[in-house]
Amino acid sequence: MDDSTLNSPPLSGNSPQPAPTVVVARRSALPWLLFVAALALAGLFAWLLWKPQDIGDPLATSLVAFERQNSLTVFSAELAPVVSSDDSRLFGLVQSKQVAVIPARVDYTIDLSQMNRDRMAWDATSQTLSVRLPPLRLSRPNLDEARAQYLREGVWISRAAQDKLTRDNTRLAEQLATNQAANPVLMGLARSAAKDAVRQNLAIPLQVAGYGKVTVNVTIDGDAR
């Protein structure tokens, strides 16, 4: 028997071939592993893209809307108080009188610097924000003396008397305008305007923040319970 016969592989086709089988199996699984990995990455990216976002705290969002301005003018009343003053000089020998109609404007404002979390409550179930505003404040009447109308009575009215009559009428007009602005009808209109303004100022930021359509209930200190 020669060397070529001894070194030749067995002729039988039934002998196992383990090494080639393992190699073929690995080559067949590789495309599937790559496909599964790509699918997992695609799922991860999709979750990161469309996952529910934490849209934050609705109370904090509302407070930011309030912080944009410390005071909110919600209503203005145009008034025309009619006042009169008398002046007496030279031991009552010289009498004069002045009647004045002085247009005035009074603004109704809300002090938003007082707003904090204690004045708000959020109901996530009903998507409702409840807000309690501080009391309305009335501004000092802004008198438009350029459009004022005066009626003076007296035989002789000196310059000093006229200046005093005008000063007195200005003071009286401010007082009367303040009293007129505080009457229940105008205060009711101002309170309604304040609630509407705050509803709009809060509903839009909350919608932009992702809360959708929300209900904003607004009350003011002193509202009847």
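Mentor: We begin with accessibility: a residue is buried under 20% relative accessible area, exposed over 50%, and partly exposed in between, with a 1.4 Å probe and protein chains only. Gln-127 is partly exposed, with a relative accessible area of 24%. Gln-127 sits in the loop between strand 5 (120-123) and strand 6. Helices (H or I, at least four residues) and strands (E, at least two) are DSSP runs, numbered from the N terminus. This is a predicted model, in which local features need pLDDT of at least 70 and side-chain atom pairs count only at pLDDT 80 or more, while totals for chains, interfaces and linings use all residues. Residues are numbered from 1 along each chain as its sequence is written, and side-chain values use heavy atoms, with hydrogens and water left out.

Trainee: What is the mean pLDDT of the chain, and over which residues does pLDDT stay under 50?

Mentor: pLDDT is the predictor's confidence in each residue, from 0 to 100. The mean for the chain is 79, and 72% of its residues reach 70 or more. Values stay under 50 over residues 1-15, for which the model has 1 contact beyond four places in sequence; a contact means heavy atoms within 4.5 Å. Where pLDDT is low, the predicted coordinates should not be read in detail.

Trainee: How many helices and strands does the chain have, and which residues have the most contacts inside the largest nonpolar core?

Mentor: The chain has 5 helices and 10 strands. A nonpolar core is a set of buried Ala, Val, Leu, Ile, Met, Phe, Trp, Tyr and Cys residues joined through side-chain atoms within 4.5 Å. The largest one has 38 residues, and Tyr-108 and Val-131 have the most contacts inside it. Its largest share, 9 residues, comes from helix 5. Beyond its neighbours within four places in sequence, Tyr-108 is in contact with residues including Leu-72, Val-74, Leu-138, Leu-186 and Ala-190.

Trainee: Which residue caps the N-terminal end of helix 5, and what follows the helix?

Mentor: Asn-183 caps the N-terminal end of helix 5 (residues 184-211), with a side-chain oxygen 2.9 Å from the backbone nitrogen of Val-185. Just after the helix, Gly-212 takes a positive phi of about 75°.

Trainee: Where does a positive phi occur in a residue other than glycine?

Mentor: Most residues other than glycine have a negative phi. Gln-127, however, has a positive phi of about 55°. Leu-90 also has a positive phi, near 55°, and is found in the loop between strand 2 and strand 3. Those strands (residues 82-89 and 94-101) run antiparallel and are joined by 8 bridges; two strands pair if DSSP finds at least two bridges between them. Within this pairing, Val-82 stands opposite Val-101.

Trainee: Why does Leu-90 count as exposed, and why does Asp-168 count as buried?

Mentor: Leu-90 counts as exposed because its relative accessibility is 55%. Asp-168, in helix 4, counts as buried because its relative accessibility is 17%. The side chain of Asp-168 makes a polar contact with the side chain of Lys-164 at 2.9 Å. A polar contact is a pair of N or O atoms within 3.5 Å; within protein, one must be able to donate a hydrogen and the other to accept it, and residues adjacent in sequence count only if both atoms are side-chain atoms.
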